[in-house]
Amino acid sequence: MIIDTKKLLSVVCTSFLSIVLASIIQIQDVSAQRTVEVPQGFATLNEAIFSDTTETGERVDSSTVYVLSSGGTYLLDGSIEHRGFHLTIVAEDGWTERPKLIPAVGTGVEASRPFRPRGDLTIRGLYVTGEDELGGLTTRIIRVSENDVRIVVDNCHLDKDGQSGFRIDGTGTSIFLTNSIVSNIGTTDSPDNGRVLDDRGNDIDTLWFENNTFYNITSQVVRDDGEVIQYARYKQNTAYNIGKNATLELGPAVQAVIEDNIFINSSFYGYNTNDEDEFLYVIGLDSLTQDEIDTYGPQSVMANNNNIFLSSAISDVYPDTVSAPANFNPTAAAYIAEQGSEATFTNEDITFTSSPGAPTDIVTDFWNDSDDPAEFDNANAPFDFAYADTFTSYSGGSDGQQLGSLTWFGTLVNNEEDEPSLTIPSVFQLHGNYPNPFNPSTNISFNLAEAADVSVDVFNMIGQKVMSIPAQRMAAGANQFLTVDASFLSSGIYIYRVNAKAGNVVTTNSGRMTLIK
């Protein structure tokens with residue numbers, strides 16, 4: 001996208017920017033929350049945020065919300081970088097077109113990435129691109145450069161970048177990405193570089209990707225470089241045309257939920273079977289080391305109700321020595337086999353309302369070592385990833401809902417006024433077990449109002465205890481779960497009792513499960 005900066009600068013001259021902003025930025029108090037309405041233009045957003053910091057470095061009001069106009073164009077004069085406070089930027093209420101945040105070249109030789117947060121960041125309803133005003137690509141749309149930062153991105157579109165949507169430089173980061181689109185990350189002349197999230201080997205507290213669409217990504221949706229993700233939730237996402245490496249590489253995640261997703265043309269480059277060290281898969285996990293188990297507790301994984309499909313148009317152009325990716329790496333496959341959830345996975349070609357074409361030319365050029373590889377098809381953008389109710393995936397979800405992002409069917413997973421969070425439940429609550437019936441393993445899911453030692457007892461129908469899971473220390477939170485391996489039991493109906501001991505108080509609840517061998 002090329003913007004006529006001279007026209008914009010004729011209206012908003014940088015030499016008088018502070019004077020102009022003083023007269024045209026409107027400040028309101030809404031329910032004790034300070035709101036700043038920022039006009040579109042060159043550097044107006046940078047200046048609005050910068051001018052709210054006093055000479056002593058304190059914020060005028062740390063709860064300020066910066067509101068951008070529907071369809072407005074905001075040229076960024078350098079990265080938006082903040083430290084020590086929670087920065088919130090949203091589209092105006094009732095927006096019909098996302099405000100556009102675009103890096104400006106200005107007087108420099110190159111533009112800067114849009115965001116480099118060193119404090120918590122919330123953005124909602126925005127279009128943010130790493131493509132500058134002259135069509136050049138910056139790298140890393142949101143580069144998190146401090147420890148223990150919380151990033152919330154809701155109902156946004158992150159588009160066009162040379163390396164990644166999110167890059168993590170610190171430990172303890174939590175990222176909540178919901179109801180959003182991330183597209184066109186990486187370039188086909190350097191396909192290893194395009195990632196939605198790259199943690200660069202830093203520990204992650206929470207990785208929450210729900211109800212999103214990812215398309216035309218040259219490498220991966222998640223690239224974990226070997227360190228721990230304490231909680232990974234990848235649910236109700238559509239991934240389409242994801243290229244060179246494992247699409248979802250969660251590494252040694254302590255707790256992982258991979259549910260109700262669509263993976264079409266994921267890890268589409270394939271791999272060379274003549275290379276003994278090369279193996280490609282769509283979903284990958286690593287086991288925890290003993291030190292990690294001692295620190296975080298045992299690993300728990302739920303993976304079910306996902307559609308993984310590779311177009312034959314792509315596999316048909318593979319050379320004879322190239323193979324399509326496997327669905328899982330060995331660790332992920334072992335968890336799925338233990339749960340008996342592989343039957344919930346589908347392999348279905350879906351025709352979307354509109355989508356990019358299959359990247360056959362990209363695959364052909366890659367394996368032919370082309371110096372000028374083809375690029376992704378964007379001719380009919382914007383796309384619509386809805387699909388008809390005639391597909392199995394339309395009711396293939398864990399609750400009978402559509403697989404993939406529900407935004408294309410008019411559903412948002414969180415109220416736009418609320419940040420997604422790992423809300424601590426008020427009471428202990430048992431959700432039941434999944435799958436049920438099962439063979440030979442099932443996951444018992446529950447909420448914990450506070451940290452507790454949790455154990456499970458299993459009884460047959462005449463009341464005899466047939467197995468127990470020793471108490472494990474578990475943190476407070478929703479959707480906690482323990483895995484029951486009943487491989488040594490015979491088919492039948494069993495009663496299980498979950499015991500949660502917090503201090504001197506023990507809370508119990510029971511459920512029924514059916515083992516079918």
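Biologist: Which strand gives the most to the lining of the largest cavity?

Modeller: Strand S20 does, with 3 residues. Please keep in mind that this is a predicted model.

Biologist: How many of the lining residues are nonpolar, polar or charged?

Modeller: The lining has 7 nonpolar residues and 1 charged residue, with no polar ones.

Biologist: And what is the volume of the largest cavity?

Modeller: The volume is about 30 Å³. The count of cavities of 30 Å³ or more comes to 1.

Biologist: Changing topic to the sheets: what is the strand order in the open sheet of 3 strands?

Modeller: The order is S33-S34-S37, and the pairing is antiparallel.

Biologist: Why is one side of S33 and of S37 left without a neighbour in the sheet?

Modeller: Strand S33 (429-434) and strand S37 (477-485) are at the edges and have a single partner strand each, so one side of each has no neighbour in the sheet. Ignoring direction, neighbouring strands of this sheet are turned by 20° against each other on average.

Biologist: How many bridges join S34 to S37?

Modeller: There are 7 bridges between S37 and strand S34, residues 441-448, and the two run antiparallel. Ile 444, for example, has Leu 482 in S37 as its bridge partner.

Biologist: What about the open sheet with 4 strands; what is its order?

Modeller: Its strands follow the order S36-S35-S38-S39, again with antiparallel pairing. Strand S36 (465-474) and strand S39 (505-515) are the edge strands, each pairing on one side only. From one strand to the next, the twist averages 15°.

Biologist: How many bridges join S38 to S39?

Modeller: Strand S38, residues 492-502, is joined to S39 by 11 bridges, and these strands run antiparallel. Opposite Arg 497 stands Ser 510 in S39.

Biologist: Finally, what pLDDT does the chain average?

Modeller: The protein chain averages 89, and 91% of the residues score at least 70. Over residues 1-25, however, the pLDDT is below 50, although this stretch has 36 contacts beyond near neighbours in sequence.

Biologist: Where else does pLDDT stay under 50?

Modeller: Residues 27-31 also stay under 50, and the model gives them 9 contacts beyond four places in sequence. Where pLDDT is low, predicted coordinates should not be read in detail.

How values were computed. Residues are numbered from 1 along each chain as its sequence is written. This is a predicted model: local features need pLDDT of at least 70, side-chain atom pairs count only at pLDDT 80 or more; totals for chains, interfaces and linings use all residues. Side-chain values use heavy atoms; hydrogens and water are left out. pLDDT is the predictor's confidence in each residue, from 0 to 100. Contact means heavy atoms within 4.5 Å. On a 1 Å grid over the protein atoms alone, a cavity is a set of points where a 1.4 Å probe fits but cannot get out, and a pocket is an open set with protein on both sides within 12 Å along at least five of seven lines; lining residues have an atom within 4 Å of a point. Grid points are joined across faces, edges and corners, and a volume is the space filled by probe spheres set on the points. Ala, Val, Leu, Ile, Met, Phe, Trp, Tyr, Cys and Pro count as nonpolar, Asp, Glu, Lys and Arg as charged, and the others, Gly among them, as polar. Two strands pair if DSSP finds at least two bridges between them. Axes are lines fitted to C-alpha atoms, for helices over the stretch in contact, and angles run from 0 to 180 degrees between N-to-C directions.
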